[in-house]
Amino acid sequence: MKKLILMCAVILGFVFNVSAQDNQKAEFKFNEEKHDFGKIPQGTPVTTVFTFVNTGFEPLILAEVRPTCGCTIADYTKTPVKKGETGKITITYNAAVVAPFTKAIIVTSNAKTPQKYLTIVGEVVAKAAAPSTR
């Protein structure tokens, strides 16, 4: 009986130790995870910045920020973001095709949630024709 109690205590201690380590991981809190550009004119690239704060204890390291299509470019904070500090992910969308759009950006990091999805939406509208000077 003592062996069973001792074994349960060891397992319980291991579980608490693992969960405590997980609470020490980095984690981000974004100002927004979805940005709506609204209506934008065709041929005019638009940019937004997703800012985040590291709410975890370990430094947050972004390994990759990958848009899901070639019409979107991402730039991001490349240095580790310490606890309480702010980082940025800048997204530029090339509004080439007249149509509504929804694009996802996959953020991979060392955070508790290792993959985060950001979204941009909007509608590309035809540019108004320039008035003729006749």
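This is a predicted model: local features need pLDDT of at least 70, side-chain atom pairs count only at pLDDT 80 or more; totals for chains, interfaces and linings use all residues.
A salt bridge is counted here where a side-chain nitrogen of Lys or Arg lies within 4 Å of a carboxyl oxygen of Asp or Glu, and by this rule the count comes to four salt bridges. Among the features described are an open sheet of four strands, a hairpin that joins strand 7 to strand 8, and a disulfide formed by C69 and C71.

- Side chains of opposite charge can pair when their charged atoms come close.
- One of the four salt bridges is formed by the side chains of E123 and K39, with a nitrogen-to-oxygen distance of 3.4 Å. This pair links distant parts of the chain, since E123 belongs to strand 8 and K39 to strand 2, 84 residues apart.
- Within that pair, E123 is partly exposed because its relative accessibility is 29%, whereas K39 is exposed because its relative accessible area is 61%.
- R66 and E64 form another salt bridge, in which the closest N and O atoms are 3.8 Å apart. R66 has a relative accessibility of 38% and therefore counts as partly exposed, and E64, with a relative accessible area of 35%, is partly exposed as well.
- The side chains of K78 and D75 also meet in a salt bridge, at 2.9 Å from N to O. Here K78 counts as exposed because its relative accessibility is 53%, while D75 is partly exposed because its relative accessible area is 46%.
- E27, which lies in the loop between helix 1 (2–23) and strand 1 (28–30), is buried and yet has no salt bridge.
- Leaving aside neighbours within four places in sequence, the contacts of E27 are V53, N54, T55, G56, A111, K112 and T113.

**The disulfide**

- A disulfide is a covalent bond between the sulfur atoms of two cysteines.
- The count for this model comes to one disulfide, formed by C69 and C71 with their sulfur atoms 2.3 Å apart.
- The link of C69 and C71 is left-handed, with -75° about the S-S bond.
- C69 counts as partly exposed because its relative accessibility is 22%, and C71 is partly exposed because its relative accessible area is 22%.

- Four strands make up an open sheet in the order 1-3-6-5, and their pairing is antiparallel. Strand 1 and strand 5 (72–76) are the edge strands, each of which pairs on one side only, and neighbouring strands of the sheet are turned by 25° against each other on average, with direction ignored.
- Strand 5 pairs with strand 6 (residues 86–93) in the antiparallel sense over five bridges, and Y76 stands opposite I89 in strand 6.
- T48 has its place in strand 3 (residues 46–54) and is buried because its relative accessible area is 7%. Apart from neighbours within four places in sequence, T48 is in contact with E32, H35, F37, I89, T90, I91 and I120.
- T47 is also placed in strand 3, but T47 counts as partly exposed because its relative accessibility is 46%. Not counting residues up to four places away in sequence, T47 touches F37, T90, I91 and T92; the C-alpha atoms of T47 and F37, 10 residues apart along the chain, are separated by 8.8 Å.

**Strands 2, 7 and 8**

- Strand 8 (residues 115–125) pairs with strand 2 in the parallel sense over six bridges, whereas 10 bridges join strand 8 to strand 7 (residues 99–109) in an antiparallel run.
- The hairpin from strand 7 to strand 8 passes through five residues, and I106 stands opposite Y117 in strand 8.
- P41 has its place in strand 2 (residues 34–41) and stands opposite V125 in strand 8. P41 counts as partly exposed because its relative accessibility is 34%.
- Among residues beyond four places in sequence, P41 is in contact with A95, V124, V125 and K127. The C-alpha atoms of P41 and A126 are separated by 5.9 Å, although the two are 85 residues apart along the chain.

How values were computed
Residues are numbered from 1 along each chain as its sequence is written. Side-chain values use heavy atoms; hydrogens and water are left out. Helices (H or I, at least four residues) and strands (E, at least two) are DSSP runs, numbered from the N terminus. Buried means under 20% relative accessible area, exposed over 50%, partly exposed in between (1.4 Å probe, protein chains only). Contact means heavy atoms within 4.5 Å. Lys and Arg count as positive and Asp and Glu as negative; His and the chain ends are not counted. A disulfide is a pair of cysteine sulfur atoms within 2.5 Å. Two strands pair if DSSP finds at least two bridges between them. Axes are lines fitted to C-alpha atoms, for helices over the stretch in contact, and angles run from 0 to 180 degrees between N-to-C directions.
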